[in-house]
Amino acid sequence: GTSWQKVTDNLQMHSITSIAQDVRPGKENIWYAGTGETYGIVSTSTFESQFSGNGMLKSIDNGITWTDLTSTQTNSPQTFVTNHQMDFVWRVVTDPNDLTNDVVLAAVFNGIMRSDDGGATWTEVLGFLQGGSTNLYSDYCDLVVTSSGTFYATISSDSPNKGVFRSDDGITWTSIIPASWPTGYGRMAMAINPQNENEVWYFGSTNSGVANGHSLFKY
């Protein structure tokens, strides 16, 4: 950190929200970065401004050069595109357990996306418009992964797809939300205990709608 060099192009998105390294042996040179945040505070008087994004970036040379993942882009960051949720990427993680496929997951606007080919193609695996919902969206989603490949995700309560989830493969998800969980909850931040990866901490905006009051939970 003594000196720094700008490695993204001037024409690439600078609203970087999350960076993740592929930590598998022999794959450590691969990095992913997500762009865009739906809840960017740029004023002391309003919380409505957004830092628009345009999908994800990828590096295969340890972050020296970055290329756009065209599979994630709409090329219309000036508009709020609800049908292509990767304009807003909350978190990016890779699967440390799959030694065959290049698996990367992203917590994006309204759900979790998964790719098993290094970001060339994507599949919706959690959230989105499941259950027939057509007009309600989850603004806030988050995602973490343990060193052994267990995934945890949160989806805010402003959608029927809300909840707190756990997955062993990033494909099939099980709800782990307790009965004592608040009715309304927005952005949740998760942290895994590095000395006991069965413990996950949740800190978030709860108790009133999706933006007021705070709670801390331990799983």
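Good morning. I begin with a contact in which the side chain of Asp-158 meets the side chain of Ser-156 at 2.5 Å, a polar contact (a pair of N or O atoms within 3.5 Å; within protein, one must be able to donate a hydrogen and the other to accept it, and residues adjacent in sequence count only if both atoms are side-chain atoms). The model is predicted, so local features need pLDDT of at least 70 and side-chain atom pairs count only at pLDDT 80 or more, while totals for chains, interfaces and linings use all residues. Residues are numbered from 1 along each chain as its sequence is written, and side-chain values use heavy atoms, with hydrogens and water left out.

Let me stay with Asp-158. This residue sits in the loop between strand 10 (151-155) and strand 11 (163-167); strands (E, at least two residues) are DSSP runs, numbered from the N terminus. The side chain of Asp-158 also reaches the backbone nitrogen of Asp-139, at 3.3 Å. Asp-158 is buried yet has no salt bridge, and Lys-162, the nearest side chain of opposite charge, is 9.2 Å away. Buried means under 20% relative accessible area, exposed over 50%, and partly exposed in between (1.4 Å probe, protein chains only). A salt bridge is a side-chain nitrogen of Lys or Arg within 4 Å of a carboxyl oxygen of Asp or Glu. For charge, Lys and Arg count as positive and Asp and Glu as negative, with His and the chain ends not counted.

Ser-157 belongs to the loop between strand 10 and strand 11. Its relative accessible area is 17%, and Ser-157 therefore counts as buried. A polar atom of the Ser-157 side chain lies 2.9 Å from the backbone nitrogen of Tyr-185.

I turn now to backbone angles. Most residues other than glycine have a negative phi. Asn-62, however, has a positive phi, near 60°, and Asn-110 has one near 90°. Asn-62 lies in the loop between strand 3 (56-59) and strand 4 (67-69), and Asn-110 in the loop between strand 6 (104-108) and strand 7 (111-115). Are these two residues buried or exposed? Asn-62 is partly exposed because its relative accessible area is 48%, whereas Asn-110 is buried, at 0%.

My last item is Trp-201, in strand 14 (residues 200-208). Trp-201 counts as partly exposed because its relative accessibility is 35%. Thank you.

Note on methods. Helix = DSSP H or I, 4+ residues; strand = E, 2+ residues; numbered from the N terminus.
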